[in-house]
Amino acid sequence: IKRTWIEVLALILLLTACSAPATPAPTATPPVAAPAGRLTSVTASAEIVPAQTAEISFVIPGPLKEMLVKEGEAVTAGQPLASLDFPALLGSLNAAEAALRAAEFDYAYWIPPRLRRPPERKQLALDTLTQAQKTFAVAQAEYTQTTISAPFDAIVADVYLSSGEYVQPGQSVLVLADLNHFVIETTDLSERDIARVKVGQSAQVYIEALDAEFPATVTAISPLADTVGGDVVYKVTLSFDDQPAGLLWGMTTEVTIVTK
């Protein structure tokens, strides 16, 4: 009987253990939000770059006739920078201009009413003049391609070729940069932080060479990612609220962008 009671007690304990509720699975802990009123920010390395740069090239091939500027020279918008040696196009332009002048003279002759002159002769002169104008416009546009000009006021930052060298279409001949206006571009802003960065946010920019900090504003965010050392990064551009003196292209900086 004693053994029977022991067996019954063991059975009761076994059933109790089986019916006990399972230990709940651990749940993810939600991120802790920053306290209300507390500013948050992201920090990234950056560099000083010109607000405008351009690599200048020709759209047609040919030998470089003349490099009209040198490195470090200031140029203005529309100023010729270099030209190709293309005598065939110059000859076509001169011939088209001569034909245009002749057509203009001939048409002017038929404008006043003339006795015993067929009226259709004036129309023929007009048709000839119209075609000569079109031919001259085409020749002028083709010859214009033998010269490249500055698209904006800038400094010649670099010159790649010299007179006599053969130039391919699209080949960089020189580089222009606006060294009067600079912006800041981040170099390692991670994809983990980019979602918190918005255009218009304020920032502080520490420039190592000047050992000073300056206020700035986010003006652009690249939609295209880049990879640096295996990390996915996005370029963010910032503009100075008041550009400091002494800036040079390539100066390293650290930016702190206020995200809240």
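Biologist: How many helices and strands are there in the chain?

Modeller: This is a predicted model, and its chain holds 4 helices and 16 strands. Of the 260 residues, 28% count as buried. Among contacts between residues at least 6 apart in sequence, 73% join residues at least 24 apart.

Biologist: Which residues of helix 3 are buried, and what covers them?

Modeller: Ala 125, Leu 129, Ala 132, Phe 136 and Ala 139 are buried in helix 3. Helix 2, residues 87-110, is included in what covers the buried residues of helix 3.

Biologist: What are the angle and the axis distance between helix 2 and helix 3?

Modeller: Two packed helices are described by the angle between their axes and the distance between the axes. For helix 2 and helix 3 the angle is about 160° and the axes are 8 Å apart.

Biologist: Why is helix 2 called roughly antiparallel to helix 3?

Modeller: Angles over 145 degrees count as roughly antiparallel. The angle here is about 160°, so helix 2 is roughly antiparallel to helix 3. Helix 2 passes helix 3 in a left-handed crossing.

Biologist: Why is Lys 122 called partly exposed?

Modeller: Lys 122 lies in helix 3. The relative accessible area of Lys 122 is 34%.

Biologist: What does Lys 122 touch, not counting residues up to four places away in sequence?

Modeller: Lys 122 touches Tyr 107, Trp 110 and Ile 111. Lys 122 and Tyr 107 are 15 residues apart in sequence, and their C-alpha atoms are 6.7 Å apart in space.

Biologist: What makes Gln 201 count as buried?

Modeller: Gln 201 is found in the loop between helix 4, residues 191-194, and strand 11. Buried means under 20% relative accessible area; Gln 201 has 12% and therefore counts as buried.

Biologist: Which backbone atoms does the side chain of Gln 201 reach?

Modeller: A polar atom of the Gln 201 side chain lies 3.1 Å from the backbone oxygen of Arg 196. The side chain of Gln 201 also reaches the backbone nitrogen of Lys 198, at 2.8 Å. Leaving aside neighbours within four places in sequence, the residues in contact with Gln 201 include Ala 216, Thr 217, Ile 257 and Thr 259.

Biologist: Is Asp 211 buried or exposed, and why?

Modeller: Asp 211 is found in the loop between strand 11 (202-207) and strand 12 (212-221). Exposed means over 50% relative accessible area; Asp 211 has 56%, so Asp 211 is exposed. Asp 211 is not a glycine, yet has a positive phi of about 50°.

Biologist: Why is Pro 63 called partly exposed?

Modeller: Pro 63 lies in strand 3, residues 62-67. The relative accessible area of Pro 63 is 30%. That value falls between the limits of 20% and 50%, so Pro 63 is partly exposed.

Biologist: How many residues apart in sequence are Pro 63 and Tyr 166?

Modeller: Pro 63 and Tyr 166 are 103 residues apart in sequence and 4.1 Å apart in space, C-alpha to C-alpha. Not counting residues up to four places away in sequence, Pro 63 touches Leu 84, Asp 85, Glu 165 and Tyr 166.

Technical notes: Residues numbered from 1 in each chain as written. Predicted model: local features only at pLDDT ≥ 70, side-chain atom pairs only at ≥ 80, totals over all residues. Heavy atoms only, no water. Helix = DSSP H or I, 4+ residues; strand = E, 2+ residues; numbered from the N terminus. Buried < 20%, exposed > 50% of the residue type's maximum accessible area, 1.4 Å probe, protein only. Contact = heavy atoms within 4.5 Å. Polar contact = N/O pair within 3.5 Å; in protein donor to acceptor, adjacent residues only side chain to side chain. Axes fitted to C-alpha atoms, helices over the stretch in contact; angles between N-to-C directions. Parallel < 35°, antiparallel > 145°, perpendicular 65-115°, else oblique. Left-handed = near helix turned anticlockwise from the far one by under 90°.
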